[in-house]
Amino acid sequence: MKMRFLPTTCFFLAAFLFSCTAGISQKTDSRKSPEMLSAKRLTARDSLRIRRGLLKQINRDRQRHGLSPVKLDLPASRVGDRHCREMAREKYMSHWNLQGLKPYHRYAFAGGRDHISENLYSATVWGQTFTCTVSDISGKMRRAEQSFMSEKPPYDGHRKNILESYHTHVGIGFACTNDEFRMAEEFVDRYVILDKTGTKIYRGEKKRISGKILRHRLYPIMAVVNYEPVPARKSKKELKKTGPYLDGSRCTFQTISAWEMSFYPKSRRFSFTLDFAKARAGIYYMILYLDRKIDQSLYQNSGLKKRAGTFRLSTRHAIPATGVVFRLE
């Protein structure tokens, strides 16, 4: 399971500009909703203009490294907006929100099924006021992207995320108050359309997963289901201490390999079954991995019987194509 090492960079403006790598947590009266929020004061056209401006910059950065452009994803942008509004209002900075949800939780609970990874940026001002105009926000976003791309190993998590070759879309979220600015880049990997299935599960249930791969020459090789306890609320003090987030957990509940799947190359459709016979209350996060090379005789429907122990499959260079979250209460 990959660690999403996405260090959050905060910028504070006073007499001078300097940077740090800590979150921001200050007492605030959330009932007053501090001149909230630029995205609400801006028109829909203004907001789209801001997002498209950053999208162009992201794609220029990707193009310089020989990578294909990503498309703007509005549902992921709304997920980013909600997180940014909460962070700006409550004056904190974290990949977790106050409900204890990580990026893939927030995206999945909003209806997303793709794999997602997040970059965050923060700016705070004392003794001055953000104007929160289109040009002001666009300038902050431009500087945020520049700071991400100027990162050096081993502290280059944002840069690596921007330059991940298999990203297809990006959601761009933001929020601006008189003294707080937050921005989120929610990179999406969209390679699969899953058939409808409920995300609430029951102990002992067997859930059929099926869908269609959107691109040719990609094949399902493995589905990994990780278990997590039900997320617990976090205080702003706890959020201040958070850092990079793990994409999933270190507790693997179930692994479905290619020989436990059916795949039909002509239609690009696949299916397999998840078994929750031994499940307990909590969150189950499923990532389906795709690869460009696989022996198609491995699949269940190939008609050939091969012993699983004969083959080794690895997700090391595979594409994480889904981020489905199931919940058992």
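A charge sits over a ring if NZ of Lys or CZ of Arg is within 6 Å of the ring centre and within 35 degrees of the ring normal. Arg268 meets this rule: it lies over the face of Tyr219, at 5.3 Å from the ring centre.

The model is predicted, with local features needing pLDDT of at least 70, side-chain atom pairs counting only at pLDDT 80 or more, and totals for chains, interfaces and linings using all residues. Residues are numbered from 1 along each chain as its sequence is written, and side-chain values use heavy atoms, with hydrogens and water left out.

**Strand S6**

Helices (H or I, at least four residues) and strands (E, at least two) are DSSP runs, numbered from the N terminus. Buried means under 20% relative accessible area, exposed over 50%, and partly exposed in between (1.4 Å probe, protein chains only). Strand S6 spans residues 169–176, and eight of its eight residues are buried, so the strand is largely enclosed by the rest of the structure. Both faces are covered. One side carries His169, Gly171, Gly173 and Ala175; the other carries Val170, Ile172, Phe174 and Cys176.

Two strands pair if DSSP finds at least two bridges between them. S6 pairs with strand S4 (residues 71–72) in the parallel sense, over two bridges. Here Leu72 has Val170 as its bridge partner. S6 also pairs with strand S7 (residues 180–189), in the antiparallel sense and over eight bridges. His169 stands opposite Val188 in S7. S6 and S7 form a hairpin, with three residues between them.

**Aromatic pairs**

A pair of aromatic rings is described by the distance of the centres and the angle of the planes. Rings of Phe, Tyr and Trp (its six-membered ring) pair if their centres lie within 6.5 Å; planes under 30 degrees apart count as stacked, over 60 as edge-to-face and the rest as tilted. The count comes to eleven aromatic pairs. Two of these are tabulated.

| Pair | Centre distance | Plane angle | Class |
|---|---|---|---|
| Tyr121 and Phe181 | 6.3 Å | 65 degrees | edge-to-face |
| Tyr227 and Tyr284 | 5.2 Å | 55 degrees | tilted |

Tyr121 is buried at 4% relative accessibility. Phe181 is buried at 0%.

Tyr227 is buried at 10% relative accessibility, and Tyr284 at 0%. Ring pairs link Tyr227, Phe253, Phe276, Tyr284 and Phe326 into a cluster.
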